[in-house]
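Dear colleague,

Please find below the model that I am handing over to you. My notes on it follow directly after.

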Amino acid sequence: MAKTITVQNFEEEVLKSDRPFLVDFWATWCGPCMRQGPIVEELAKEGYAVGKADVDKEAALAQKYGVMNIPTLIVFKDGKEAERLVGLTSKEKLKNIMDQM
Amino acid sequence: MEKIIIVGAGPAGISAALYAARGNMDPLVVDNGIGALEKAEKIENYYGLECLLSGRELYERGLAQARRLGVRILNAQVLGIGGFDTFEVKTTKGSFEAESVILATGGKRSTPSIPGIRELEGRGVSYCAVCDAFFYRGKEVAVLGHSDFALHEAEELVNLASGVTIYTDGMEPEFSREHPIAVNTMKIQAIEGEGRVEGIRLQSDMMMQEEGQEQASFMPTDGVFVALGTAGSSEIARQMGAELTEKGHIKVDEKMESTIPGLFAAGDCTGGLLQVAKAVYEGCQAGISAIQYVRRRGKES
């Protein structure tokens, strides 16, 4: 399952991850986010390092990374933002990006 | 609850309605007027048309044919579609719940591309007020558009943002009702900002220029919500979370089903040939697929 990312575990789980880590910024009221969720879960099942940050609960995190639309997907590599996708993004596209890193 | 709602009354929408009606689905068609067909003066290449028809004549014949089969036609604009298990279709004439929806509003009406919109997508430019209003709590936002679609988006924002202004980009406002939201009808030169939206540059007013005043006025804003024209199939589908193709058309499979179960699309909005024949085929397929979807759903519950 995709990890639940919070302000508290962000550094440990995401920034210190030894492989590229995908964070899905989402919220319960957002239609496209509800479609993105299952895609992210599938990536988790296939062994990719992924997590979900609920912007309603983790507003500070969303603000820190300048997230202004949801869903926004950010891939972190070596503690830094490496790629950002705004809007519903297909599994194939996300896999391509993660595989190339 | 409706079984099937069809958005659009052109060749794709009406073909879907004919099949849905014959399948006892009693479909409701939401008609927002003629689309691209209006541009066709004479249609010569469609099967069986011995006497040439204009696009408008064909459209009107289609409506009459559907009515003869008992199809209900509602003259309204769709503002957006919500819901998860079933669909809530919001229109200018009220909301309707449906088990299945077929989008067939035609292709994109050409809307002028305003410099800065693409560049600042995800950096203050948004296409979904319901999704992103949250990020503009206590901030100043702009909605681009001139119809009820823009008004609907603006109303999603008023309770959260400190201020909401609709910019029509030189278009005459076409709101179907009174509202308290500020409207600016000047032409837009660009959306500006370094790395994120900072404001809207309006085109200079000739009169003001002659008087030697400032060339163009700059309206500071934190966010820009795009709702140009009327809500087309792609805009509706995008807000619902259906996948679009790279070209911005609705992604469908061979059954004309989008990536959302129960949501189908047909005609120009799926890309490919902009031909009546193609729209009719896709409408037929979408209608049949929607019937199957509704029947399957009935058996499961």
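**Domains of chain B**

The centres of domain 1 and domain 2 of chain B, taken over C-alpha atoms, are 31 Å apart. Domain 1 of chain B covers 2-109 + 231-300 and domain 2 of chain B covers 125-226; such bounds come from an automatic or database domain assignment. This is a predicted model, in which local features need pLDDT of at least 70 and side-chain atom pairs count only at pLDDT 80 or more, while totals for chains, interfaces and linings use all residues. Residues are numbered from 1 along each chain as its sequence is written, and chains are lettered from A and ligands numbered from 1 in the order in which they are written.

Between the domains, 7 residues of domain 1 of chain B are in contact with 6 residues of domain 2 of chain B (two residues are in contact if their C-beta atoms, placed from the backbone, lie within 7 Å). On the domain 1 side, strand 4 (78-82) and helix 6 of chain B each supply at least two residues. Helices (H or I, at least four residues) and strands (E, at least two) are DSSP runs, numbered from the N terminus. That side of domain 1 of chain B has 2 nonpolar, 4 polar and 1 charged residues; here Ala, Val, Leu, Ile, Met, Phe, Trp, Tyr, Cys and Pro count as nonpolar, Asp, Glu, Lys and Arg as charged, and the others, Gly among them, as polar.

Chain A contains 4 helices and 5 strands, in the sequence order β-α-β-α-β-α-β-β-α. The radius of gyration of chain A is 12 Å, close to the 13 Å that the globule rule gives for 101 residues, so chain A is as compact as a globular protein of that length (the radius is taken over C-alpha atoms, and the rule is 2.2 Å times the number of residues to the power 0.38). Of its 101 residues, 41% count as buried, that is, with 20 or more other C-beta atoms within 10 Å of their own, C-beta atoms being placed from the backbone. A cis peptide bond, with omega of about -5°, joins A:Ile70 and A:Pro71. A:Pro71 lies in the loop between helix 3 (59-64) and strand 4 (72-77) of chain A.

The contact between the chains takes 15 residues from chain A and 17 residues from chain B. Helix 3 (129-132) and helix 6 (233-240) of chain B are the elements that give two or more residues to the chain B side, and helix 3 of chain B gives the largest share, 3 residues.

**Individual sites in chain B**

Most residues other than glycine have a negative phi. B:Asp169, however, has a positive phi of about 55°. B:Asp169 is found in the loop between strand 9 (163-167) and strand 10 (182-184) of chain B and is buried, with 20 other C-beta atoms within 10 Å. B:Met256 likewise has a positive phi, of about 70°. B:Met256 is placed in the loop between helix 6 and strand 15 (263-265) of chain B and counts as buried, with 28 C-beta neighbours inside 10 Å.

B:Gly35 is in the loop between strand 2 (28-31) and helix 2 (55-68) of chain B. Leaving aside neighbours within four places in sequence, B:Gly35 is in contact with B:Gly10 and B:Gly106.

Yours sincerely

Conventions
A residue is buried if 20 or more other C-beta atoms lie within 10 Å of its own, exposed if 12 or fewer, and partly exposed in between; C-beta atoms are placed from the backbone.
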